[in-house]
Amino acid sequence: MNTPDNIESILLLAALLFCIGMAGVMIRKNILFMLLSVEVMLNASGLAFIAAGAYWGQPDGQVMFLFILAMAAAEVSIGLALILQIYHLHRSLDIDKIKEMNG
Amino acid sequence: MSPSDYICLLPLIILALASVIVMLVIVAKGSHKTIQFVSLALFALAFASLFPEAVPLPHAVPPLLLMDRFGAFVIALILLSGGVVCLLSYLYFEGKEEGPKEYYLLLFLCSLGGGILAISQHFISFFLGLEILTIALYALIAYLKSRPKAIEAGIKYLVLAAFSSAFLLMGMALIYMEVGNMSFAGMSGAIRDAPSLPPLFLAGLTMLLVGVGFKLAVVPFHMWAADVYQGAPIPVTALIATVSKAGVLAVLIRLFLALEVLSFPRAALGIGLLAVASILVGNILALQQKNIKRLLAYSSIAHLGYMLVGFVPGTRQSFESLSFYLVSYILATLTAFGIIACRSSKSEESELLKDYQGLFWSHPKEALILTISMLSLAGIPLTAGFTGKFYLLLATLEPDYWALAFVLVLGSAVGLYYYLRVITTLFGSYPIQENTPSLPVTSFYILCLSLIGMLAILTIVLGIFPSPLIEYIRGIWIS
């Protein structure tokens, strides 16, 4: 593998995506969009892994990305099941409306 | 892989196979009782295979895993917690609206994840173990899916755990970018000669700590803990408080020891601040809780703070005291949740403090066991909790760490208030209204109660004769 020259810009892109995702989780009130934003964050770290793997000329970064993909898929499947159940119980996906516990 | 590798990983292989076996038993239409007995037998089998005579420890299974005596010790704690939770689950889930069978499968996956974490020495096994653990936990927390609180707790845990996993992964990626190696040993070679930590590495380590902090629920990453503890079924709450904390702490200890991060003052300061914040905030928030599950959630935040104190000196003695404290914390927590599970009826969990008003006069055994567990959590002499706290304090009694020792003592003093409030409730006057239906006493109830009673006795025995366990732990850390 040949090392990419513009490694900084790739890392910068990953950091930017990560921040977009983080802002989404914090600002959005709809659970579906929060889950989407988390996916953006996970993929941003996957991009950083691929960049790092390419930088060192090792396959490890891509191996890690495959594991991240698998984990994200498992998580989304459980997340969507929970979201269906929430909609069933509350007829709403607004995080403020489903809140029952506090203290 | 050589045969000795398989022998030494046998406990984890059994746990992985166990989830498949449970699935087969479900397909064969086994009853809840059958599945319960099969699961208990499999936990016992995994425990028995933990200390192989044929393979001397430490035994590395490169590149991902390293089975040493510390790993075996933590896996033993995880299997113990898993077994106790498994037994409690029968009592809790029998007659519940949800079929309890698939629950056991997820329980095995959870223990498997914790076990992998305990022996991992590579970022990939760290990540995989953590995700096996947390993804199984998502489903476990929301297992009673018709209860709004369980679903709310499940989605909260899911969003925050995935959020923290993203932080963890980004941190790992940055560290990998800096050092070009993902195994703990390889990383330490890359930064050992550096006069101070490289900025990219420091940024990565901070993000990694944020991720791990969420999983351990230390302040300021603790906001999910109380809601999830309250919403989850009681056995699952016990699982979160023991298995997931033990596994994550073990991998954190491994990472820090391999990287020798604690010799850099900035890293030690960061951990110290997390510890102080957790002790103070956890104890203060616990003061006004009326729900015993939430109270235990905040108390576990404080206890994780105490354990982080053991990280800061970075000496062998401090890790010894940390290991002892972990044992005492797990014993006391399992006992407390065990009694709460025993006291809960089919439709309602007895989680409010007033449900325990005057329990001693109606159910003296349960009340005494809960009292012992509260005393141990509070750190009263003659319990394991006191010995653990004493050793932690000894490890911090050095000129540099007087502030930590002070906060440790202050936190314990504040904690005394709410633990004693639980105890005074137990021994208080019996409520006048007599409309609480008495729970049926089944053979499983007696079995559970005697097991929890044994854990409580063990807590006291370790408080009076701690030396065998201390010798054992010392043996772990010398090698």
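Modeller: Chain B averages a pLDDT of 91, and 98% of the residues score at least 70; pLDDT is the predictor's confidence in each residue, from 0 to 100. This is a predicted model: local features need pLDDT of at least 70, side-chain atom pairs count only at pLDDT 80 or more, and totals for chains, interfaces and linings use all residues. Residues are numbered from 1 along each chain as its sequence is written, while chains are lettered from A and ligands numbered from 1 in the order in which they are written.

Colleague: What does the model score for ipTM and pTM?

Modeller: ipTM is 0.95 and pTM is 0.95.

Colleague: How many helices and strands does chain B have?

Modeller: Chain B has 20 helices and 2 strands. Those are DSSP runs, numbered from the N terminus: H or I with at least four residues for helices, E with at least two for strands. The radius of gyration of chain B is 21 Å, close to the 23 Å that the globule rule gives for 479 residues, so chain B is as compact as a globular protein of that length. That radius is taken over C-alpha atoms, and the rule is 2.2 Å times the number of residues to the power 0.38.

Colleague: What share of chain B is buried?

Modeller: 58% of its 479 residues count as buried, that is, with 20 or more other C-beta atoms within 10 Å of their own, C-beta atoms being placed from the backbone.

Colleague: Now chain A. Which pattern does it follow along the sequence?

Modeller: Chain A reads α-α-α, with 3 helices and 0 strands. Its radius of gyration is 17 Å, well over the 13 Å that the globule rule gives for 103 residues, so chain A is more spread out than a compact globule. Its C-alpha atoms fill a box of roughly 55 × 25 × 25 Å along the principal axes. Of the 103 residues, 32% count as buried.

Colleague: And how many residues of chain A are in contact with chain B?

Modeller: 33 residues of chain A are in contact with 32 of chain B, where contact has C-beta atoms, placed from the backbone, within 7 Å. α1 (7–27), α2 (31–56) and α3 (60–90) of chain A each supply at least two residues of that side of chain A.

Colleague: Which helix gives the most?

Modeller: α3(A), with 14 residues. The side of chain A that touches chain B divides into 25 nonpolar, 5 polar and 3 charged residues. Ala, Val, Leu, Ile, Met, Phe, Trp, Tyr, Cys and Pro count as nonpolar, Asp, Glu, Lys and Arg as charged, and the others, Gly among them, as polar.

Technical notes: A residue is buried if 20 or more other C-beta atoms lie within 10 Å of its own, exposed if 12 or fewer, and partly exposed in between; C-beta atoms are placed from the backbone. Two residues are in contact if their C-beta atoms, placed from the backbone, lie within 7 Å.
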